[in-house]
Each structure stands twice: as structure tokens, then as C-alpha cells.
Amino acid sequence: MKFTLSWLKEHLDTDADLTAILDALNRIGHEVEGVENPGAALAAFKVARVLTAERHPQADKLQVLTVDAGDGEPLQIVCGAPNARAGLVGVLGLPGATVPANGMVLKVAAVRGVESNGMMCSSRELELGDDHDGIIELPEDAPIGTPFPDYAGLDDPVIDVSITPNRQDCMGVRGIARDLAAAGLGTLKPLDATPVATSGAGPEVQIEAPEGCPAYFGQTVSGVTNGAAPEWMQRRLKAIGQRPISALVDITNYVMIDLGRPLHVYDKAKLSGALTVRKAKPGEQVLALNEKTYTLDATITVIADDNGVHDIGGIMGGEDTGVSETTTDVVIECAYFEPEAIARAGQKLLLTSDARTRFERGVDPAFLEDGIAIAARLVTQLCGGIASEVTRAGSVPRVGITTGYDPTLAETLGGLAIPAERQRDILESLGFTVQPLDANGDPCELDDACDGFRVTAPSWRRDVDGPADLVEEVIRIEGIDKVPSTPLPRAPGVAKPTATPEQKLERRIRRTAAARGLNEAVTWSFISESEAAAVGGGAWTLANPISEDLKVMRPSLLPGLMMAAARNVKRGATSVRLFELGRRYLADGEKLTLTVLLAGDRSPRGWANGKAQPFGAFDAKGEALALLEAAGAPVANLQVMGEAGAAWHPGQSATLRLGPKTVLAAFGMLHPSLTKKFDLDGPVAAVEIFLDAIPAKRATGFARPAYTPPALQAVTRDFAFIVPSTLAAGDLVRAVKGADKAVITDARLFDLFTGAGVEDGKKSLAVEVTLQPGEKSFTDAEIKAVADKVVAAAAKLGASLRG
């Protein structure tokens with residue numbers, strides 16, 4: 001929300017300077033995002049008069065001017081503008097000034113052999129407009145030597161304020177002025193909403209869709225002349241980034257910014273029949289003022305006549321009935337549109353506008369009467385014409401709750417004790433109606449017998465819903481900085497741990513991931529529909545998303561991490577190692593998940609390894625096992641089974657499971673089509689650990705006895721098996737380890753061989769088995785008995801000892 005300081009003072013009678021106003025805005029909850037003074041860039045430019053204009057001796061299109069800048073001695077200026085002539089009053093840039101349009105610093109220089117001591121400027125060069133056909137021409141009585149910003153009223157700071165979504169009343173300059181007045185920075189000036197004299201019946205209006213537009217006011221003004229808006233209005237609109245178009249259009253924009261009341265004007269000659277507020281017919285189209293055509297459906301409220309749709313209600317008008325320089329009769333629209341309907345329509349059409357921003361937050365429905373009166377007065381004053389009676393269709397909805405309020409809540413909820421009388425003054429200055437009540441709930445005077453207030457919110461404060469909101473209003477105006485810092489009470493002694501088992505797990509696994517060289521990322525919990533579809537589709541779609549890109553609650557953390565990796569790669573990162581601990585949102589609820597993504601180079605190129613090495617599926621498996629172990633999963637009992645799903649690379653991905661049904665993790669390479677969709681080149685490895693699937697520890701007791709070091713040295717034996725080539729090595733190792741659980745403490749694969757001596761369709765797997773004796777050393781017979789059990793266990797998988 002932008003406005004100029006002088007614009008603010010049209011509504012606020014104050015002597016406060018800019019600094020005090022900015023401090024107050026921040027203090028009462030309106031964050032100042034920036035302040036610009038357009039006049040500061042033009043401080044070195046002056047109003048000057050051309051005394052003489054002679055042809056340049058070396059160039060036909062240049063003139064040599066003598067210019068009076070008000071300093072006594074005339075200056076010689078070389079100028080190429082076709083309108084430069086003796087007697088013209090314009091804007092002179094002196095040596096040292098910087099031209100805003102191109103950043104050029106003016107200096108004394110020779111132009112075709114003739115010295116020039118500055119530059120006479122055009123509107124485009126000073127960024128005051130697009131005119132570049134000649135230099136600026138000012139009135140003959142403009143004071144020579146006056147700094148141009150002072151003369152043109154450009155020394156007027158532009159304040160940019162961030163308005164929170166709940167403060168729709170501050171989407172107009174007057175609303176901000178009201179808040180500042182309540183904060184003690186002056187007095188809110190009265191608003192003149194006197195209706196203009198009228199003649200004749202108003203336009204014909206009918207409402208068929210009151211659920212989208214419950215109230216619609218219309219007024220005709222006949223005999224208007226649609227020229228340029230007055231300079232003061234254009235200057236204010238330009239200062240905040242609005243492009244002046246014509247008087248009629250500029251009036252609607254001005255009232256919207258000034259009072260937070262969107263309006264629309266139709267060229268009456270382009271209408272046929274009554275204006276009808278209705279729902280669009282499926283497939284109907286409208287060419288909007290942004291020159292784009294929109295296809296509508298039956299959920300969108302439109303304004304139409306006998307010829308069709310002319311306005312997407314509350315969002316944007318139509319090109320077909322827009323006003324032009326030939327317009328002589330207009331219909332002014334001042335309507336109230338339901339915020340929810342406007343928000344849904346705007347999202348569906350992907351169409352934003354200043355009107356939509358205000359309507360979807362909720363404009364003041366009680367301001368319809370004053371709004372159309374002010375608009376009609378501006379039209380008749382600036383464009384002439386005769387106004388008709390006002391047509392009022394529908395009924396104005398009543399908003400603004402009435403609630404009881406205990407002044408002691410300011411201290412119990414807000415932490416600041418404020419006298420009841422001061423609270424009443426604050427609320428009344430903000431437009432609330434406050435009635436003191438006695439203990440019986442009857443109206444009384446504000447004295448010791450007063451037991452509370454009955455407070456009615458004004459029509460422009462639909463965000464106020466109860467006493468807690470009133471406390472917020474009182475505290476922010478009184479000053480949040482006045483709330484004392486009060487420590488919370490603490491029980492004596494050593495604080496007891498408060499972290500839940502889930503929080504401890506998250507903390508432990510985060511530290512493990514970081515210790516392994518992974519960088520934590522935090523991505524959106526919402527993604528677009530297309531991104532969700534790429535990983536199987538989302539179960540939950542938001543009905544009112546802030547953006548189409550944030551519409552679906554993520555079914556996987558992979559899309560967010562892939563987008564983060566792509567951003568890093570585009571900025572020169574050669575190795576991306578990310579992890580995120582967050583929740584997936586599935587049909588059966590939220591699932592805590594740890595996701596790891598590895599992209600780029602696993603190791604850089606070097607003399608030892610040659611080319612840079614990319615990440616592979618086994619890198620992902622290593623991360624999965626390490627993180628599962630940190631999470632307390634029984635890693636030794638896990639089985640590698642199958643492929644991980646459609647998002648993963650066939651043959652280069654798998655799952656880690658406890659039994660055939662309990663999936664603890666998926667790991668491997670992502671499918672190339674998926675990585676391509678997210679602008680990632682090359683192989684990308686990933687891990688998904690489903691923390692909710694890890695078996696919980698026992699609620700009481702110990703899962704295992706305390707560790708006691710063995711008294712005797714362990715014994716190792718090597719076994720080489722010929723197995724089918726399709727047999728997973730992990731299955732063999734698991735079978736060998738389980739052959740005699742009382743004696744075998746470990747088994748690991750240390751060799752894989754295929755080739756000479758091994759028939760086709762087979763492979764050789766060598767396993768080292770660790771045997772731990774108990775109270776006495778193994779005898780040869782005992783070791784042989786264990787070896788027989790190992791061979792027998794392997795044989796069940798089709799393995800035989802390699803001879």
C-alpha cells in the first residue's frame with residue numbers, strides 16, 4: 001500500500017514530521033517497507049527561462065540557448081529540442097546533476113565546438129512521463145530559479161506500508177490516517193460525502209446472484225467530457241505507480257486508493273438493457289481491461305446486460321464497455337461483493353487486480369452510499385454532466401459484531417494494565433461504539449460502578465470477532481513496547497526433560513545427518529498439482545490456496561528437495577547433499593519422514609580418481625542404513641526388497657523392510673523423467689526414511705542386558721558359495737548369520753566373483769563368519785558343527801560350497 005505524505009495529510013490533521021509518522025506506523029502494526037522521495041533525485045534541477053535561441057554554427061538540428069536560471073549571469077546551453085525557443089520556461093539541469101532516466105552526470109562540455117553548461121530536460125529524461133518530443137514547457141509565470149521539485153510538488157515522500165490481510169480497512173489512505181489519529185498523531189479530518197444534485201431516474205439494475213453480490217448501487221452521469229485528470233490527481237497516482245489514463249478511470253482508481261472503495265464506470269452507450277448481476281454461464285467469455293480473454297464458469301459472479309458479460313464482478317471490468325475520450329454518458333458502479341466468492345474466482349482465473357485485493361479482504365459494506373456520492377461528485381466536478389438518482393439493488397449486509405468486554409483483559413491477556421477510560425478512548429477513536437455497563441448489564445457512566453463495556457465494531461472492521469481482538473487493538477495503539485518483560489514462573493530445582501520421544505528422535509537424526517555432511521533444507525509443505533502428480537499425486541488439495549504453485553499438501557518431500565537442488569546447481573554448486581525432516585500428507589494422515597537427496601559430484605576430479613564421480617545407488621543405501629541406525633531401527637534385520645516405486649529408477653532402487661510388509665525406507669536413483677521435470681541433469685540419488693514405521697522401543701524395562709566384554713577371542717571362518725546370479729547377497733548373509741544365533745555374532749560379504757571357473761547363471765559369494773566362544777574355547781568338532789549349519793542354511797537358498 002503506497003501513498004504520499006501530502007495525500008495522508010488530506011485526511012490527517014497533524015504537525016508530525018515524516019520520521020514521527022514512520023515510527024508510529026511501525027509501532028501500531030503497519031510495517032513500513034520503504035520510503036522514497038522522488039523530489040530528491042531532482043533537487044539539482046531548476047525552473048529556468050530561455051532568453052535567446054540561435055542556430056548552432058556546426059549543426060542544423062541544434063540550437064545555442066542563453067538561459068536564465070535565476071542566479072544572475074545567463075548560461076549557455078546547447079539544445080536539440082524542436083520546441084526550444086526564446087521565452088520558453090522549462091527545467092534546467094546544472095553541472096553535477098544526475099539525469100534520472102540514464103544516470104548520466106551533467107558537466108560542462110563542448111557540443112560540436114560550442115560550450116554547454118547543462119541541459120534543458122524532457123519529461124522522459126526526468127522520469128515524469130513518456131514525452132520525449134521536446135523539452136518540458138512550464139507556465140510563463142513559473143518562478144525562475146526555484147528548485148523544480150518545490151515548484152512541481154515533487155518533494156513529497158512516498159510511503160510504502162505492508163498491510164496485513166486482516167486489516168482491510170487500511171487498504172485506503174483514510175484507514176491509515178484513522179489509525180494514526182488513534183495513536184495520537186493528530187486528528188482525523190471529516191469526510192465530505194454530500195450527494196450531488198440529481199435529475200431523472202437511475203440505471204436499471206437487477207441482482208440474480210445475491211450470494212456473490214448482495215448489494216449493487218448504480219448512478220448515471222450524462223453529458224460528461226472525458227479528458228485528462230487534473231494535475232494534482234495525476235501527480236498522486238504517478239507517485240504510487242499508477243498510470244493516469246483518463247479523468248473517469250483515474251477517479252475510480254483515486255477513490256479506491258484514497259478510501260479503499262473499488263468502483264467501476266461503464267460507457268452507457270455501449271450497454272444494452274439492464275445491468276444484471278448473475279452467475280456466468282459455463283463457457284461464457286469476457287475480454288477484460290487487461291486485453292486478455294477469460295472463460296468463465298457457473299461459480300463466477302459477473303455483471304452483464306442483454307448482449308452478454310461485461311465485468312468479472314469485483315475483479316476487473318470488460319474492454320467492450322470501457323470508457324474512452326468519446327464517452328459522454330457513464331454508469332458508476334459501487335457494489336459489495338462477498339470476499340470468499342471474489343477470492344475463489346480470482347484464483348480460478350489466475351487474475352489479480354487492486355479491486356480484487358480489496359474485495360477479497362472485505363470492503364466496508366456500509367460505505368456504499370458515501371462511496372457512490374463521492375464518486376459522482378468527482379465525476380461532475382472534473383468531467384461535468386448531470387447525475388441521475390441512485391439505483392439501489394439488493395440489501396446491504398450488516399457486519400460488525402457486538403460483544404461484551406472486560407477492561408481487565410488488557411492486563412490478563414495483553415500483559416499491560418490500562419485504565420478503562422483510556423481503553424474506551426482508544427476504541428472510540430478507531431470507530432468502535434463503547435457503552436459502559438454496570439454489574440447488572442445495564443448502561444451506566446464510566447465510574448467505579450462500571451463492570452465492563454458493550455462494544456460494537458464498526459462496519460469496516462469485519463476482522464474483529466471477540467474480546468481478544470479488542471485487547472489487540474488497545475495494546476497496539478497504547479504501545480506494544482510498553483508491555484513489560486515478565487519471566488514465566490519456574491519450579492525450583494533441576495528442570496525435568498520435556499522433549500517427547502518423537503522430538504528426541506528428530507533431534508538425534510538431524511545431528512546424524514549433519515555429521516554425515518548433509519545440509520538441512522526446509523521446503524514448502526505445499527506444492528503445485530503437477531509437482532504432486534510427478535510423485536503419485538496428493539490426497540489433500542487446498543480450497544483457498546495463496547498460489548496455484550502452493551495448492552496441494554505434499555505427498556512426498558522429494559519435489560521440494562529437487563527444486564532446492566536445482567536452484568543450487570544453477571548457482572554453481574557442483575555437489576548437492578540435502579536432507580529434510582518433515583511430514584508427508586497422505587490420505588490416512590501425516591507421516592514423519594526423513595528425505596535425503598544427492599545430486600552432482602560425489603567426489604571431484606583429481607589425480608587419484610581421474611574424472612569426477614557421480615552419486616550412485618549404493619551411496620544412497622549407505623546413508624539410509626546409517627540414518628536408520630541412528631533412528632534406532634534394527635538395521636541387522638533389514639531386508640533389501642524390490643524396487644521403490646514409479647518415482648525411482650527401475651533396477652537401481654529398492655526398499656529396506658522388516659519382513660515383507662513393513663517398509664522402513666526407499667533408496668536408490670530417481671527416475672530420469674522425474675529429475676528432468678525438475679530441471680536436474682545427470683543422475684540423482686535419494687533416500688526416503690519413513691520414521692513412523694520404525695518399531696517403537698519397549699515402554700518399560702530394558703530391551704537388552706548391559707554389555708559385558710567376552711573373555712575369549714573370537715574366531716573367524718571364511719565360506720565361498722556358488723549361488724544363482726539372481727540371489728541377493730544380503731539374503732545369503734542373513735541366512736548364514738542365522739544358522740546358529742548362539743555362536744555366530746557377525747557375518748559379512750567380502751568377495752563377489754564371476755568368470756572363469758564359475759558357470760553361467762551363477763556367481764561366487766565369499767562370506768566371513770565371526771564365532772564367539774563362551775566359557776571355553778571351541779573344539780574342532782564344535783567349529784565343524786557350526787560350519788555344517790552354515791552350509792545347510794545356505795543350501796536352502798540354492799547355494800553350494802565352492803570346491
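Which strands form the open sheet, and in what order? Keep that in mind while you go through these points.

1. First, some ground rules. This is a predicted model, where local features need pLDDT of at least 70, side-chain atom pairs count only at pLDDT 80 or more, and totals for chains, interfaces and linings use all residues. Residues are numbered from 1 along each chain as its sequence is written, and side-chain values use heavy atoms, with hydrogens and water left out.

2. Now the overall build. Along the principal axes, the C-alpha atoms fill a box of roughly 120 × 95 × 65 Å.

3. Of the 803 residues, 46% are buried (under 20% relative accessible area; exposed is over 50%, and partly exposed lies in between, with a 1.4 Å probe and protein chains only). Among contacts with a separation of 6 or more, 67% link residues 24 or more positions apart; a contact means heavy atoms within 4.5 Å.

4. Charges. You'll find 81 positive and 104 negative side chains, and the centres of the two sets lie 12 Å apart. Lys and Arg count as positive, Asp and Glu as negative, while His and the chain ends are not counted. Each charge is placed at NZ of Lys, CZ of Arg, CG of Asp or CD of Glu.

5. Back to the opening question. Five strands form the open sheet, in the order E13-E16-E19-E20-E21, with mixed pairing. Strand E13 (205-207) and strand E21 (316-317) stand at the edges with a single partner strand each, so one side of each has no neighbour in the sheet. E13 runs parallel to E16 (residues 275-279), and three bridges join them; in this pair, Gln206 has Thr276 of E16 as its bridge partner. Two strands count as paired if DSSP finds at least two bridges between them.

6. Take a look at strand E7 (residues 89-93), where five of the five residues are buried. Strand E4 (residues 45-55) runs antiparallel to E7, with five bridges, and Lys46 stands opposite Leu92 in E7. E7 also pairs with strand E10 (residues 119-120), again antiparallel, through two bridges; there, Gly93 sits opposite Met119 in E10.

7. Strand E11 (residues 158-162) is mostly covered too, with four of its five residues buried. Strand E1 (residues 2-4) joins E11 by three antiparallel bridges, and Phe3 stands opposite Ile159. Strand E3 (residues 31-36) pairs with E11 over five bridges, also antiparallel, and here Gly34 faces Asp160.

8. Last, a loop residue. Gly227 is in the loop between strand E14 (215-222) and helix H5 (231-239). Is Gly227 buried or partly exposed? Gly227 counts as partly exposed because its relative accessibility is 33%. Leaving aside residues up to four places away in sequence, Gly227 touches Ser246 and Ala247. Asp438 is 211 residues from Gly227 along the chain, and their C-alpha atoms are separated by 60 Å.
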